Amino acid sequence: MAKLILNRISKDFGTGRPAVDDVSLDIREGGFLALLGPSGCGKTTVLRMIAGFEEPTDGSIILGERLLADASGSLPPERRNMAMVFQSYALWPHMSVAENIGYPLKVRGITGEPAKRKVMDALSTVRLESYAARRPADLSGGQRQRVALARCLVTSPDVVLLDEPLANLDRHLKQEMEETFREFHMRSGATMIYVTHDQSEAMALATDVAVMSEGKLLQMAAPADIYARPEGRLVGGLVGQGAILSLPVPTSSHRQLDWNMLAPIFSSAAGDLQKADVLVRPQDVIVSAEGLAATVETALYEGERYAVRLRLDDGQALRAYSREAVAMGDRLSVVIRAGWRL
Amino acid sequence: MQNLKTRGNSQPRWLFPFVLSAVVFLSVLPLGRLLYAGILSALKGDVWTLLRDPALWHATANTFSTSFFGMLISIVIGGGFALALTLADVRAKVLLSFLFMLPMMIPPQVTALAWVGMTGPSSALLKAIGMALPMGSPQPLYSISGIALLLGVQHAPLVYLSLRAGLMALPRDGIEAARLSGASSWRVLIDIIFPLSLPGLIAGAAIAFVSGVGNFGIPAILGIPANLLTLSTLIYSRFVGFGPSTFGDIATISTMIAVISVVGLAIQTQALKGKDYRVIGLSGQAATFQLGVWRPVVAAVLWLVLFAILVVPFLALCASAVVPAYGVPLTLKTMTFHAFKEILFTQAITRTAFVNSLMLASVTALGLLALAVLTAYCLVRKESRFTGLLSGLIEIPYALPGIVVSVAFILVFAAPIPILNMSIYGTIWIILIAYFSSFFAVSLKPVLSAFLQLDPSLEEAARLAGAGFYRRLVDILVPLVAPAAGASVILVFLIACNELTVSALLWSAGTQTLGVAIYNLDDSGSFDLASALSVLVVAMVVTLMLLLELMAKRLPKGVVPWRS
């Protein structure tokens, strides 16, 4: 196992706009990277280039000491020692569960007792020991997903790729599978790259999150960092809940803003100052006796609290949580405990 | 760091060039050669001699009239069956449609023989029930209308299939909406169903016409004895009476047939283009009309038609096969299986024909399967501008009448092959190559649709598992397309084993096929032997069709030609 380096890779399918545009990523050994972005942002193309299904039109991919691909050529997927969980699972319907899992071993010439033992090990990791003889068609969606995972596990690959593996599962199964993935990552120690458009999945699983949009890499950081300190409007809008306000904040100030710094900005009528984007998380908007006047636009009951959408008097929207019931049209006053200049 | 010589796309280097050269050899070379010969004969002026020959224009007129009236008959029978079996609540639809599809798969020369045995003055069947025409009266089928009738019966399933595909796409809710607006069944038929099904009908009629133009078996058996030649039998008779201008003449006539076919196929494509109403409404279930009191009447008509075009001719064929001698009345006492014994055990020619046809059909079916798997893989996986052109080129020899293909291969192989300096003309190899060319499209279609349905990630998963191309082919791809591959083998075998049109010009002593044997036996007056051989052929056709019918559930849609 080794470090995976994507060095300024681009992919142009000849459509006029490159699908992936000058992306560089360093994925540390044993890391779990989530590639996050809206659909069509190029994240799946990056994954397919790492796997070898697509060749980069520019840049290079290096795994440890091995050059996997550059503009002149590419090592075919069958020689990369990687494994992948596909969105459709890609289990071979004509093989039993055990045959599916054992196939990478069979191709490598491992047969007999050692192969059998490895297959059973992999099956026990995903808790499907008793399903070895079944056909994929007889399994539920979650079970198929686990078989696909076990197939990745069996050859100890250098890199495990996951292409929106939870997209087809219901919410309950999603949580269970997230647990399985985390456990799998800890046990195997493999470098994992996980493509998703669901930011909560990315935050829950990954050690690093890379946010992409329109073929470009916007930011890569640990989940807590990217949540607390997103770079730019796009990342701020994609990661976590929140509202982006446009405020006349001096660019020389700290990026982390508290109420003491925000209150004068709201009260001053400085219209000539250049405005900046400030991200405000809903948990940082507190209903209090004094503060900014706001009108409740919608209030959604979520069980433990109300998710409230507020409209400030200057017309900007704000999100907040409230423990007490609020109704549409209520007038509240709120304090913004913290904001982040994007 | 190592040098990255291998490209990411790990198809073997030879794959695309191999498929391309196979297609060039099987399609481009023969058709190009035919075109070249036609142009050459035009430049040399031979073509004017041919064009001044009244025989050519008689044959052209005969071809057009038989094909046109045949097409009308196909429209009436095929259209009626399509409407009744798709839209009405008739019982036993599956059985009815299977039986109705049989004429399409039964070789035309067998159909013709059966009908001759049913209607002639010496019909064993009619004699047995005392209804035969008096001896010496002419056989009524040896005429333009006889040929047209049989072409109509033979190609009615083509109209049925084409129209049915359109009718199946009619949205049920659209018809229900019309009914709710107060339209009667009759009005719905005129206002909604007829306009919506017109493209399918036109397309089916065009195919029926083209198939009539290219048909050889029926005009050969019904027309040649009465000296009524169509373009395809004219080629045959020119070829048999070999002369100095033969090659130029048959090339020119073939080109004429090819042009007529291309025009017909263009009409078909045009009719279906832009007339795809399938986007509207949730289709899936075809509309059903309650026939009410008319239900038994419609059912009776359908069964009666099937009885007349299928059961009686087959009984006549059986009767002809078991009479002791031509013209002898058939009773339980005179009945004999002598003819079967003769063709199976005594006659060397029929035994040779069996061996040849079974061998040719098996080699064609299996060889084409291997080629089809590689070609389908190439067409599906290779992103190239040439893939559309490639599949078009594969389609052409199948779309053209078999007689055109065989003339093209005669022209290619008449001279010894350069460099190798050997000739395959007159050997079984030329038939084999012509079969490969003619039936490539038949073999490819099921395999291609199976490949198109295949989730590409199944192969990608195997690549990441470390499997190279051959490994993936054996372990993953072939098992996954196996049902379609089976269907492809059976279909090609079924068609190749019974065909006459291609081999009629290509056979020589020792390389007779079953189709040729049936035709020659009939031509030489051994009607009983020809009938007996035909009975065996029909039995084989029905068996193979049933086999496919049993597999149908596991096959991609559209693979079994008589199911939709």
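Is A:Ala90 buried or exposed, given its C-beta neighbours inside 10 Å? A:Ala90 counts as buried because 23 C-beta neighbours lie inside 10 Å; a residue is termed buried if 20 or more other C-beta atoms lie within 10 Å of its own, exposed if 12 or fewer, and partly exposed in between, with C-beta atoms placed from the backbone. The model is predicted, so that local features need pLDDT of at least 70 and side-chain atom pairs count only at pLDDT 80 or more, whereas totals for chains, interfaces and linings use all residues. Residues are numbered from 1 along each chain as its sequence is written, and chains are lettered from A and ligands numbered from 1 in the order in which they are written.

A:Ala90 is located in the loop between E7 and H2 of chain A, where helices (H or I, at least four residues) and strands (E, at least two) are DSSP runs numbered from the N terminus. Although A:Ala90 is not a glycine, its phi is positive, at about 55°. A positive phi, of about 40°, is also found for the non-glycine residue A:Ser156, which belongs to the loop between helix H4 (141-153) and strand E8 (159-163) of chain A. A:Ser156 counts as partly exposed because it has 14 C-beta neighbours inside 10 Å.

Chain A is assigned domain 1 (4-229) and domain 2 (243-341), the bounds being taken from an automatic or database domain assignment. Their C-alpha centres are 40 Å apart. An open sheet of six strands in chain A has the order E7-E8-E9-E3-E10-E11 and mixed pairing; two strands pair if DSSP finds at least two bridges between them. E7 and strand E11 (216-221) of chain A are the edge strands, each pairing on one side only. From one strand to the next, the twist averages 20°. E7(A) and E8(A) are joined in the parallel sense over four bridges, and A:Val85 stands opposite A:Leu162 in E8(A). Helix H1 (residues 43-51) of chain A lies across strands including E3 (32-36), E7 and E8, and runs at about 150° to E8(A). For such angles, axes are lines fitted to C-alpha atoms, for helices over the stretch in contact, and values run from 0 to 180 degrees between N-to-C directions.

A further open sheet of chain A comprises four strands in the order E12-E14-E19-E13, with antiparallel pairing. Its edges are strand E12 (243-247) and strand E13 (256-258) of chain A, and the twist averages 35° from one strand to the next. Five bridges link E12(A) with strand E14 (residues 276-280) of chain A in the antiparallel sense; A:Ser246 stands opposite A:Asp277 in E14(A). Helix H9 (residues 259-267) of chain A packs on the sheet, its direction making about 75° with that of E13(A).

Between the chains, 28 residues of chain A are in contact with 23 residues of chain B, contact being defined by C-beta atoms, placed from the backbone, that lie within 7 Å. E5(A) gives the largest share of the chain A side, four residues. That side divides into 16 nonpolar, six polar and six charged residues; Ala, Val, Leu, Ile, Met, Phe, Trp, Tyr, Cys and Pro count as nonpolar, Asp, Glu, Lys and Arg as charged, and the others, Gly among them, as polar.

Chain B is divided into domain 1 (28-336) and domain 2 (337-564), with C-alpha centres 22 Å apart. Here 51 residues of domain 1 of chain B are in contact with 44 residues of domain 2 of chain B.

Conventions. Contact = placed C-beta atoms within 7 Å.
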